[in-house]
Amino acid sequence: MNILLNLDGVLSSESGEPNRAGVILYYALNAGHRVALISSRKKADAEHWLNSHGIIGYDDLMANEVHLERSEEHTSELQ
């Protein structure tokens with residue numbers, strides 16, 4: 001199974017410290033699944049945060065180049 005987790009708010013708390021429950025969830029899912037991370041941070045900043053907190057073994061990291069919000073144009077196309 002492929003799983004996508006958000007670094008911001010799941011692994012990292014608002015204060016920038018690791019979110020213990022999120023880190024436990026990450027390692028539980030990573031044990032048997034492919035886990036990719038997304039972040040609104042720059043890729044180098046996200047990699048630095050992950051490495052400095054010992055969060056390793058993720059399969060992919062998609063940083064600030066990923067935008068998940070729908071645009072007004074896209075929303076009107078769906079209607």
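**Starting from one side chain**

Mentor: A polar atom in the side chain of Tyr27 lies 2.9 Å from the backbone oxygen of Gly54. A polar contact is a pair of N or O atoms within 3.5 Å. Within protein, one atom must be able to donate a hydrogen and the other to accept it, and residues adjacent in sequence count only if both atoms are side-chain atoms.

A word on the basis. This is a predicted model, where local features need pLDDT of at least 70, side-chain atom pairs count only at pLDDT 80 or more, and totals for chains, interfaces and linings use all residues. Residues are numbered from 1 along each chain as its sequence is written, and side-chain values use heavy atoms, with hydrogens and water left out.

Back to Tyr27. It sits in helix α2. Helices (H or I, at least four residues) and strands (E, at least two) are DSSP runs, numbered from the N terminus. Tyr27 is in contact with Gly54, Ile55 and Ile56, leaving aside neighbours within four places in sequence. Contact means heavy atoms within 4.5 Å. Tyr27 counts as partly exposed because its relative accessibility is 35%. The scale is this: buried means under 20% relative accessible area, exposed over 50%, and partly exposed in between (1.4 Å probe, protein chains only). Tyr58 is 31 residues away along the chain, and its C-alpha atom is separated from that of Tyr27 by 9.3 Å.

Stay in helix α2 for Ala21. Ala21 has 55% relative accessibility, so it counts as exposed. Ala21 and Leu11 are 10 residues apart in sequence, with 7.9 Å from C-alpha to C-alpha.

Leu11 takes us inside. Not counting residues up to four places away in sequence, Leu11 touches a list of residues, among them Pro18, Val23, Tyr26, Leu37, Trp49, Leu50 and Ile55. Leu11 also belongs to the largest nonpolar core, which has 13 residues. Such a core is a set of buried Ala, Val, Leu, Ile, Met, Phe, Trp, Tyr and Cys residues joined through side-chain atoms within 4.5 Å. Leu11, Tyr26, Leu37, Leu50 and Ile55 have the most contacts inside this core. At least two core residues come from each of β1 (2–6), α1 (7–11), α2 (20–30), β2 (34–38) and α3 (43–52). The biggest share, 3 residues, comes from α3. In soluble globular proteins, nonpolar side chains tend to be buried together.

Now the sheet. It is open, has 3 strands in the order β1-β2-β3, and its pairing is parallel. β1 and β3 (60–62) are at the edges with a single partner strand each, so one side of each has no neighbour in the sheet. Two strands pair if DSSP finds at least two bridges between them. β1 and β2 are joined by 5 bridges. β2 and β3 pair over 3 bridges. In β2, Ala36 stands opposite Leu4. Ala36 also has a bridge partner in β3, namely Asp60. Leu37 stands opposite Leu61 in β3. β2 is mostly covered, with 4 of its 5 residues buried.

The loop between β2 and α3 holds Ser39. Ser39 counts as buried because its relative accessibility is 5%. Its side chain joins that of Asp8 in a polar contact of 3.0 Å. Ser39 also touches residues including Leu7, Ala46 and Met62, with those up to four places away in sequence not counted.

A salt bridge is a side-chain nitrogen of Lys or Arg within 4 Å of a carboxyl oxygen of Asp or Glu. By this rule, the count is 1. Arg41 is partly exposed, with a relative accessible area of 22%, and Asp8 is partly exposed at 23%.

Finally, the whole chain. It has 4 helices and 3 strands, in the pattern β-α-α-β-α-β-α along the sequence. Of its 79 residues, 25% are buried. Among contacts with a separation of 6 or more, 63% are between residues 24 or more positions apart.
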